[in-house]
Every structure is written in structure tokens, then in C-alpha cells.
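Please open the model in your viewer and keep the selection tool at hand.

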Amino acid sequence: MRSAVRERERTFPVGATVALDQLDDDPHPVLAKLRAREPVSWLPALDGWLVTRYDDAVAVMRDPDRFTVADPRFSTGQVLGPSMLSLDGTEHVRHRAPFVAPFRARAVRRTFSTDAAAETARLVDRLAHRRAGELRRGFAGPLAAAIVGRALGLDQGEERAVLRWYDAIVDAVTAITAGRAVTPEGRAAFQELRRYLLGAIEHEPADSLLAGIAAQPELTHDEIVSNAAVLLFGGVETTEGMISNVLLHLLERPELLDIVRADQVLLAAAIEESLRLEPAASVVDRYTTEAISLRGASIEAGELVRVSIAAANRDPAVFSDADMFDLDRANSRRHIAFAQGAHVCLGIHLARLEAQTGLSVLLASLPRLRLDRARPPRVRGIVFRKPSALHALWD
Ligand code: HEM
């Protein structure tokens, strides 16, 4: 066994030297090296394989028969129960299908435009009379929590409960990922969330999303709860990161702020470039169902294969000057920040709506918005990447 590990380390020398700190802090240089020299590499630090080229990333995500999420080691499934995120094949279709129509672009615009504008206005009002603030937990996070909370039928003012449940569930998932047991707080939070959502299913009016899904025969109430928890989980962390990352990209380039402030199309382009350069969910995990040879790497059945969305999004085979933030890039929407294949993000249109509405109002309302140079932001995270804080000043 040990000699097999040593053999892998010899075959993949770049992967063998990658440290978790490097991936957490600034992964892009080492990802570029891997993409060029070991596009499918064994990383002892991850105890798994890492796929870094665009074409391979797409191929893996589009092949759920051989690269599956349906594995008992999958941490989210252990905490939240089976859901669309942790199933493949016909079971995946059964869990996902009832949620598809309400998250289509037109339905999202109809259902959430007013809420997104109102919630943004409320948050910006709180900021506008000040001259400084932290915009990740003071803007991006509450906006994301409020909108996904609204989608699940939570009332206004319950964002604090959403964020509390959410933090405990994230802790539980993190504990499992690190090889520890689910925290009692994580279990208790999920039970509290479950009770709340069951209430929302039974008591909300027929036009609420969860009540509408409960009226169809596909899913049991417990299955609806697990999928709703995935929506909550997916809708807060990543959207908070997405909005914070766009803001950071723009604040680091003050010359672009005025341009995108005045032009919704360019703001949309900035959002896509930011998703490409720093995707808020930078890695997705799969498990092989059989022995597979991928770009020369021999992967055994049941091994962890991690797809680096962050690396694929900077693949020079697809994006020229891939490390540049370029508002005129013609193909920036080819990025795969929202994944590909059966598990492609369900919340794409909602996330884009939130980012576009939130940022256009924020930029229009806070004059001379700029980074607080005394407290520079640092983007971190192995899976979920965003600035730990985003301190800004305005006039
Ligand atoms: C309103 C916001 C969002 C909601 C409600 C949401 C919801 C979801 C759901 C339910 C899934 C699972 C789909 C399935 O397995 O069939 C998913 C997958 C995914 N989402 Fe989102 N999401 C949101 C925002 C985002 C954002 C902002 C990003 C990244 C920037 C993102 C990236 C992803 C990725 C990469 C996956 C695929 C996971 C995998 O294949 O393992 N999501 N999302």
C-alpha cells in the first residue's frame, strides 16, 4: 500500500508537493502548473485526484455513470439526508424535477425581482448614512440569506435564524470532510430547520414554492426538506461569495467602477468575468464507479476525483490571457462556475438576478466606493472561495 502511494508520488511530482495552505491561500499558480504538466494529478494533501483542464472537467461532470456523487462518504448527504445533490440517475431526476420549473429564468424574474430589489434597498439604506462598512457580512451575506429564505417561505426578519442554522450545518459538513463526526449542534440545527420547513410545507398558501412541490406526488415531505436544505445551503454560501468576489474585483480596479455603474450590460460582463476568475464554489467532488484511465492517470474504482472549476476556468486552451479580468471577453460565459451536466446549478438565474440587482443598486447608492486600504481583503478557501472580510469606504 505504502509503495503504491510512493509510486503515485513519483508519477505526479507536482501534485505530491501541493500543500493545503497553498490551495487555501492562492491556488492559481499551482493550478496552472498542474494544468500544464499533470492535468489529472494525484494530490496526497487532498487524498484524491485533481482534474484541472477545461475539457476533462466538463467530461467528468457530464459522466455521472462513471463519476458519481452517490457515495456514502459524501458529507452533505450525511448531514442533510439524500437529495438531488447526493444522488445520480433516476433518483436524481426524481428529486430535482419538481424544483426545475420554479428556478427557470422567467419564473425567477417573475417571482424574485421585486424581493431582490426590496431587500437590496433595505440593506443599502442601512449602509448609505454611514461612511464605512464590511460588505460581505453586511451586504452580500444578508442579501443571499434573505432571498433564499424567501424562496423557501420563511418570513421577513427570519434571516437570522436562517444564518444560524446555516452556520451550524456548514460546521457539520466541514467536520465530516475533516474526518470527524457530525457535531451535535449540526444535528440540532438540521432538526430545527426540518421542523420549520415541514410547517412551511403544510401551512403556506398553495402558491408557495414548497407547498406547490408538496402538492405533487414525486417527493415525500422529508425528501422535500432535504432538497430545501440543499437550496439553502447552496444559495447562501456561494451567492455570498459570488457577490463579494465581483465587488472585490471591481474595487481592485477603480477605473472600472464608473464604467459598470453606468451600464447594466457591462455590469453583467463583470459578474461573468468574476465567476470565471474566482468561482465561489471552486471544486466539485465525484467518486469513480469503476477503474478509469483519464489522461494517462490510472484511477481505481471508488476513488475521490475532484474537479477544479477554478483551474478549468483559466484554461488557456479556452480563454486567451486567462488570468486577465477582461470586460470585453467574448466567451466569458463559457466558464463553468455553475458546473455542467446533471448537477448543473439549479440557482443560476436566481444567483445572477441577485448579483445584478444587488450590485447595481449598491454601486449607484454609495458614492466613491473604495477599498479600505488599511484593512486589505484576503480571498481564501479550498472549496468555497471569497474574501474573509470586505472593508470599504464611501463618501
Ligand atoms: C440562489 C442561489 C443558488 C441556489 C438556490 C443554488 C442551488 C443549487 C442546487 C440545488 C444545486 C444541486 C443541483 C443538483 O445536484 O442537481 C446546485 C449545484 C451547484 N451550484 Fe448552486 N445554487 C445557487 C448559487 C450558486 C452559485 C452562486 C454558485 C457558484 C458561483 C453555485 C455553484 C454550484 C455548483 C458548482 C453546483 C454543482 C455541484 C456539483 O456538481 O457537485 N451555485 N446549486
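Select phenylalanine 319: does it count as buried or exposed? Phenylalanine 319 has 0% relative accessibility and therefore counts as buried; the term means under 20% relative accessible area, exposed means over 50%, and partly exposed lies in between (1.4 Å probe, protein chains only).

Before continuing, note that this is a predicted model, in which local features need pLDDT of at least 70 and side-chain atom pairs count only at pLDDT 80 or more, while totals for chains, interfaces and linings use all residues. Residues are numbered from 1 along each chain as its sequence is written, and side-chain values use heavy atoms, with hydrogens and water left out.

**Aromatic pairs**

Rings of Phe, Tyr and Trp (its six-membered ring) pair if their centres lie within 6.5 Å; planes under 30 degrees apart count as stacked, over 60 as edge-to-face and the rest as tilted. By this rule there are three aromatic pairs.

Select phenylalanine 12 and tryptophan 49. Their ring centres are 5.4 Å apart and their planes stand at 90°, so this pair is edge-to-face. Phenylalanine 12 lies in the loop between α1 (2–11) and α2 (13–17), whereas tryptophan 49 belongs to strand β2 (residues 48–51), 37 residues apart. Helices (H or I, at least four residues) and strands (E, at least two) are DSSP runs, numbered from the N terminus. Both phenylalanine 12 and tryptophan 49 are buried.

Tyrosine 54 is in helix α5 (residues 54–61) and phenylalanine 319 in the loop between α16 and α17, 265 residues away.

Now show arginine 276, whose charged end sits over the ring of phenylalanine 319, 5.1 Å from its centre. Such a charge is NZ of Lys or CZ of Arg within 6 Å of the ring centre and within 35 degrees of the ring normal.

**The largest core**

A nonpolar core is a set of buried Ala, Val, Leu, Ile, Met, Phe, Trp, Tyr and Cys residues joined through side-chain atoms within 4.5 Å. Select Phe99 and Leu369, which touch the most other members of the largest core, a group of 87 residues. Helix α13 (residues 221–251) supplies its largest share, 16 residues.

**The iron atom**

Finally, select Cys345. Its SG is the only protein donor of the iron atom of the ligand, at 2.3 Å. Donors are N, O and S atoms within 2.8 Å of the metal (3.2 Å for Na, K and Ca); water is not among the atoms, so sites may look incomplete.
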